[in-house]
Amino acid sequence: MWKYVVKRTGLAILTVFIIIAITFFTMNAIPGGPFDSEKAPDPAVQRVLEARHHLDQPVWKQFLIYLDDIAHGDFGISLKSGRDIMSLIQESFAISAKLGGLAIVFAVIPGIIFGAIAALFRNKWPDRVIIFFTTLFVAVPSFVLATILLLVFCLLLHWLPVWSIENPSYILPIIALALYPMSYITRLTKTSMLDAFGQDYIRTARSKGVAEWKVIFKHALRNALIPVITYVGPLTAYIITGSLVVETVFTIGGLGSKFVTGITNRDYPVIMATTIFLAVLMVIMMLICDLIYKLVDPKIKFE
């Protein structure tokens, strides 16, 4: 167990390093610089700015300096706003985490429930209704769904307020974020449960007279959750960081919008810091999912 954790942690660190390197050298290969604008700054001022942020050094040396700063917990400051990047990420992530956490609950729990119902009532009207709506929600792009929700419930019906810092309304953004993954989890749970119902251990349990509810929940559903857990890992990292489109539609100042702004402004430190943060979050979630496998199915061995 511990050997597996150590190996996975080492692989995670290597993965993060590769992501840092790819992002850093890719951003530096793009033509232009962070201080380029329509009104060119004074050459002397630009030289001072470049020296201050080590942009006058060779790219490989900039990379080594950046790695050293990261090792000391320093992600630098934004080249555009002058703010400390760590405080910027913490402030933005607090919004994205609250929104994403609620969306995860709304996606996972109903998704598993609807998927189990669809499997139990296969080819009957509950199954057909669930599959119809899940197919619809999977097919509709998130930006279209978010726009429709904003237009209908905020602007036309006035049932819910438009998002603002003073009066944040999480209902519509949560729905826009969660409907697609909920639909996917529903279909994934149904497929996994139907596959489990066809396995020998289910037929053996039924032939021994095990109660049907135990067959469904203790055996079929428990084993059907393994592929769902596989999907929930990266899904959690994706949702918590916030959908870029949904945050833009509802003007939510989460981490996603800061990342887009950093790319637009060529704000290299912001881009690097948010990329590292997202990569670490993704790797941690995948590691947690691997460990949860053992709890769901004790027969799984860590090799």
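In which sense, left-handed or right-handed, does α6 cross α7? The crossing of α6 past α7 is right-handed; a crossing has this name if the near helix is turned clockwise from the far one by less than a right angle, and is left-handed if anticlockwise.

The model is predicted: local features need pLDDT of at least 70, side-chain atom pairs count only at pLDDT 80 or more, and totals for chains, interfaces and linings use all residues. Residues are numbered from 1 along each chain as its sequence is written, and side-chain values use heavy atoms, with hydrogens and water left out.

**Helix packing**

Two packed helices are described by the angle between their axes and the distance between the axes. Axes are lines fitted to C-alpha atoms, for helices over the stretch in contact, and angles run from 0 to 180 degrees between N-to-C directions. Helices are DSSP runs (H or I, at least four residues), numbered from the N terminus.

| Helix pair | Angle | Distance between axes |
|---|---|---|
| α4 and α11 | about 135° | 7 Å |
| α6 and α7 | about 150° | 9 Å |

Angles under 35 degrees count as roughly parallel, over 145 as roughly antiparallel, 65 to 115 as roughly perpendicular and the rest as oblique. Helix α4 is therefore oblique to α11, whereas α6 and α7 are roughly antiparallel to each other.

Contact means heavy atoms within 4.5 Å. From α6, the residues L145, A146, L149, L150, F153 and C154 meet L172, I175, A176 and L179 of α7. This contact of α6 with α7 comprises 10 nonpolar, no polar and no charged residues. Here Ala, Val, Leu, Ile, Met, Phe, Trp, Tyr, Cys and Pro count as nonpolar, Asp, Glu, Lys and Arg as charged, and the others, Gly among them, as polar.

In the other pair, α4 (residues 85-120) and α11 (residues 255-264) touch through L88, I89, S92, F93 and S96 of α4 and L255, G256 and K258 of α11. Their contact has 4 nonpolar, 3 polar and 1 charged residues.

**A residue of α7**

L188 is placed in helix α7. Beyond its neighbours within four places in sequence, L188 is in contact with P227, V228 and Y231. L188 and P227 lie 39 residues apart in sequence, yet 7.6 Å apart in space, C-alpha to C-alpha.

Terms used
Helix = DSSP H or I, 4+ residues; strand = E, 2+ residues; numbered from the N terminus.
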